[in-house]
Amino acid sequence: MLELHNVTKRYEQQLVVNDVTLTIESGEIFGLIGQSGAGKSTILRMMNCLEKPTSGEVIVDGRNLASSTARELREARKSIGMIFQHFNLVANKTVYDNVELALVLAHYPKSKRKERVLECLRFVGLEEMHRKYPAQLSGGQKQRVAIARALVNEPKILLCDEPTSSLDPKTTAEILQVLQQINERLGVTIAIVSHEMDVIKRICHRVCVVSKGEIYKIVPIEPLGIASIEDHPQTFVDELLREGV
Amino acid sequence: MPDILVQYEQEIIRSIMQTGIMLGISVLSAVIIGLPVGTFLYLTSKGKLLENKVVYNVLNLLVNIIRSFPFLLLVIFLIPFTRIVVGTAIGTAAACVPLAIIAFAHYARFVEQSLLEVPKGVIEAAISMGASTKDIIFKFLFVEARSGLILGLTTSIVSFISYSTIMGVVGGGGIGDFAVRYGYQQFMVDLMLYVIIIMIILVQIIQIIGTTVARKLDKR
C-alpha cells in the first residue's frame, strides 16, 4: 500500500529522520509512536510529501512520490487523506463548504457534490451541523469535519498527525472510534502518529516505535478497543516504549 | 444650508467629483496592482509556497522606496513619468499617476501582512488536499484573510483621501485643494471648516462601511 525506502530528512545540518524503511499493509491501522522530536511526525508527513524527503523513496500505489512532478504529486494527494492536531479547517467557510472544497479541488462533478458531502458528514455524525462555522463547533466536532473532508474523495489511505492531542480523553475515544469505523467499514488504511500510548494501543494493528529519527522496532499488537483503557494498566507496548525512548 | 456653501455649490460639487476620480483610480490601482504585488511578497518570502529571494527582494525594495518618499516629493519626482503616461503633468488625470503608484505600494504591504496571519496549518491542509498554488491563493488564502484585506483597504482609502488633498500642486483639484484655495488663500475660514466637516463625514462613512463589512465576513 505505502512503502518508505531508506528515507532520510535533513533540515540544513540537522538529521531529523535517518534511513527509515517501512511498509504499511493495505487495510491495517499503523501507529507511529515516540517522544516529541523523535521524528515520527516528519515520517508521516513524508508519506504524502508534505515534507519532501532529502533522500529515499516514498512508494504509494506503485508510484514514487519523492520523484514525482508537482502535478503528479497533486493528483496522488487527492487519494491520500490527512488530518491534523489543530484540525486546520478554513475558518471562514461553513462545515459544508469545508468538506465540499476537497471535492472542488478534485473536480468532482458539481451535481453530485451535495449528496457526497452530506453523506460524509452523516458518517461522522455532523449532518445537522453543515451550516455552522468551525468557530461554533467543539474540538471533537472540528476534527470530525476534518475527517469528513479527508474522506470525501474516497482515499485509500488516511494519514493522522496527532489527531487527538488537543482533545480531552472522552472526545479522544470518540474520534478513535470514528477512525476505527473508517478502517473497518470503508476499508481505509490508516497511519497514525501519536505521543499518547493509549491512542496507539486502542486501535493499531502494528506499532512502530520511533526514537531519535530512526525506527527502534515495528511490532504487531492486538488493538485493545475503545472501551475503558484503565483495565489494562501494563501492557507489552508500554514495556516496548520504555525500551525505545 | 449656510449661504457660503450655496454660493460655492457648483465648485464644491466639482471638487468632490475630482476627489472621487482620484480616489477611484487609487482604489483600482490598490486592488489591481497592490493585491497581486502583496500576494507575491507573501508567496515569495522565506518558507512560503514560491520562496524566491530575488523576486522578494525586488518587490520589497520597490514597495519600500515608494513608501519612503514624502508624498509631495514623489508627485514632483514623477512629473516626467506622468507626462509620458498621460501626456501632461497638469490636471486631475495627471494627479492620478502618483496616487496610483503610492496606492498600490501602500496596499501591497497591508495585503502581505493580512496573508501572514493565515495559519500555516490551513495551507498545509490545502497542500495535503492536492491544491495547486492558484487554488491555495483563491480558495484558502484570500478566504481566510478576507476581513484583514477589507480593513487594510479601508485604512488605505482614508490615507488616499489625505494624499489626494495635496494634488493642487499639479492642478489636480479635489476637495482638499478647494479648501486650501478658498479657505486658506482667500481667508474664508468658515468655508475651510465646512470642507473639513465634509471630509470628516466622508472618512467616517468609509470607515464604518469597511469595519461593518469586515466584521460580517469574519467567521473566525
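**Entry 1: the salt bridge.** I started with Arg45(A) and Glu124(B), whose side chains form a salt bridge, N to O at 2.6 Å. I kept in mind that this is a predicted model. How many salt bridges did I find between chain A and chain B? The count is 1.

**Entry 2: polar contacts and elements.** Next I looked up polar contacts across the interface of chain A and chain B, and the rule finds 7 residue pairs, both residues at pLDDT 80 or more. On the side of chain A that touches chain B, the elements giving two or more residues are helix 2 (70-77), strand 6 (80-83) and helix 3 (95-105) of chain A. Which of them gives the most? Helix 3 of chain A does, with 4 residues. I then sorted that side of chain A by class and got 13 nonpolar, 3 polar and 6 charged residues.

**Entry 3: the interface as a whole.** I noted that 22 residues of chain A are in contact with 20 residues of chain B. The area buried between the two chains is about 1,900 Å², and carbon and sulfur atoms give 63% of it.

**Entry 4: aromatic rings.** I searched the whole structure and found 6 aromatic pairs over all chains. For Phe69(B) and Phe77(B), the ring centres are 5.2 Å apart and the planes stand at 40°, so I wrote the pair down as tilted. Phe69(B) has 25% relative accessibility, so I list Phe69(B) as partly exposed. Phe77(B) reaches 56%, so Phe77(B) goes down as exposed. I also saw that ring pairs join Tyr8(B), Phe178(B) and Tyr182(B) in a cluster.

Methods:
Residues are numbered from 1 along each chain as its sequence is written. Chains are lettered from A and ligands numbered from 1 in the order in which they are written. This is a predicted model: local features need pLDDT of at least 70, side-chain atom pairs count only at pLDDT 80 or more; totals for chains, interfaces and linings use all residues. Side-chain values use heavy atoms; hydrogens and water are left out. Contact means heavy atoms within 4.5 Å. Buried area is the accessible area (1.4 Å probe) that two parts lose on being put together, summed over both. A salt bridge is a side-chain nitrogen of Lys or Arg within 4 Å of a carboxyl oxygen of Asp or Glu. A polar contact is a pair of N or O atoms within 3.5 Å; within protein, one must be able to donate a hydrogen and the other to accept it, and residues adjacent in sequence count only if both atoms are side-chain atoms. Ala, Val, Leu, Ile, Met, Phe, Trp, Tyr, Cys and Pro count as nonpolar, Asp, Glu, Lys and Arg as charged, and the others, Gly among them, as polar. Rings of Phe, Tyr and Trp (its six-membered ring) pair if their centres lie within 6.5 Å; planes under 30 degrees apart count as stacked, over 60 as edge-to-face and the rest as tilted. Buried means under 20% relative accessible area, exposed over 50%, partly exposed in between (1.4 Å probe, protein chains only).
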